[in-house]
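Here are my notes on the structure, as numbered points. Please read them with the model open.

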Amino acid sequence: MTEVIRTERKSAVLTPSSLACLARVPTVNLTAGCAHECRYCYGRGYRSHPGQGKVTFYTNLLAKLREELPRKRKKPATVYFSPSSDPFQPVPEVLEMAYEVFRFLLESEIGVAFVTKGRIPHRHCKLLAAHAPRVQGRIGMITLDSSITAAFEPGAATPEDRLSQAAELISSGVSIEARLDPILPGVTDGEDCLEPLCAALARVGVRRIAASVLFLRPAVVGSLRRHMKDKRMLKRMLDCFAGAEPLAIHAARSRVSALPAKSRLEIMGRLQSIAHRHGLEVLICACKNPDISTGSCHISGRWLAAVPGNSQSRLFQP
Ligand code: SF4
């Protein structure tokens, strides 16, 4: 059961992210902390994280956004949800806020890009479908094996739920890609895991996936050690980091412990050949892999530039 700490937000709602891919897109966190409680969540190391089993919920977020947006010199083309939480957490007031904030932005002709590992309620799917040209979603998946997701992502939606909502959104015209992030070394990086996952994603109509291999920070290692019951599985994964190298990723003040470039290239090569068999394109983001990629994961979507006076033109490349 998640403890919800209700508070008024003092700082601006639309905030820049330190991640290079999001540098030009305003981002929104509906909460600090996330009820999905992924054991590997990078957000656990942030100063604003309220601690295990808790989320800080900003009760005045919509009201502040309504005040803030008209004061902007330039209306944003799109807003990204969320750099360090998930808009579709299983907390009723967070889901209600997500609905109202998405509706406000979409009715203001502002695009919405999101990444989720949550279950998107039917009402929210209908809203997204009604504004499909202005919505770009990314569904986070690490495996089809529900025993692994239960161990690593105890509060998130089941893999079946994530796939079926991807299918539903794609069939209603919403652009949906997948994020295989993080791939867990020694746990989900083998052909036995990647093959059925790619096959399932292709079956529901996904055509593009962005992928990144887990990297470690002290808070992530601490969380894994505290919460993972299957110590053999954890050891197998952490042993893969024996030759880990410090890596400066493209985010402010961010230095992480990453698998050596050779190991990440091997995993990505395996994923790419499996994905290609299923007609999936794989994107490896330079933000998290500056030593092996120059590409982008397009986490905030692919939008064409807005043409002044034409409300139909909506795409620009952030
Ligand atoms: S869904 Fe994302 S933000 Fe939420 S706990 Fe998992 S990794 Fe962190």
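1. The side chains of Glu 177 and Arg 302 are joined by a polar contact of 3.5 Å; a second one, of 2.8 Å, joins the side chains of Glu 177 and Arg 208. A polar contact here is a pair of N or O atoms within 3.5 Å; within protein, one must be able to donate a hydrogen and the other to accept it, and residues adjacent in sequence count only if both atoms are side-chain atoms.

2. This is a predicted model: local features need pLDDT of at least 70, side-chain atom pairs count only at pLDDT 80 or more, and totals for chains, interfaces and linings use all residues. Residues are numbered from 1 along each chain as its sequence is written, and side-chain values use heavy atoms, with hydrogens and water left out.

3. Glu 177 lies in strand 8 (strands are DSSP runs of E, at least two residues, and helices runs of H or I, at least four, numbered from the N terminus). Its relative accessible area is 6%, so Glu 177 is buried (under 20%, with a 1.4 Å probe and protein chains only). Beyond neighbours within four places in sequence, Glu 177 has contacts (heavy atoms within 4.5 Å) that include Gly 137, Ile 139, Val 206 and Leu 283.

4. In helix 5, the buried residues are Pro 159, Arg 162, Leu 163, Gln 165, Ala 166 and Leu 169. They cover an arc of only 170° around the axis, so they sit on the same side of helix 5 (the arc is that of the directions from the helix axis to the C-beta atoms). Strand 8 (175-183) and helix 6 (191-203) are among the elements covering them.

5. Gly 173, with a positive phi near 95°, follows helix 5.

Key: Buried < 20%, exposed > 50% of the residue type's maximum accessible area, 1.4 Å probe, protein only.
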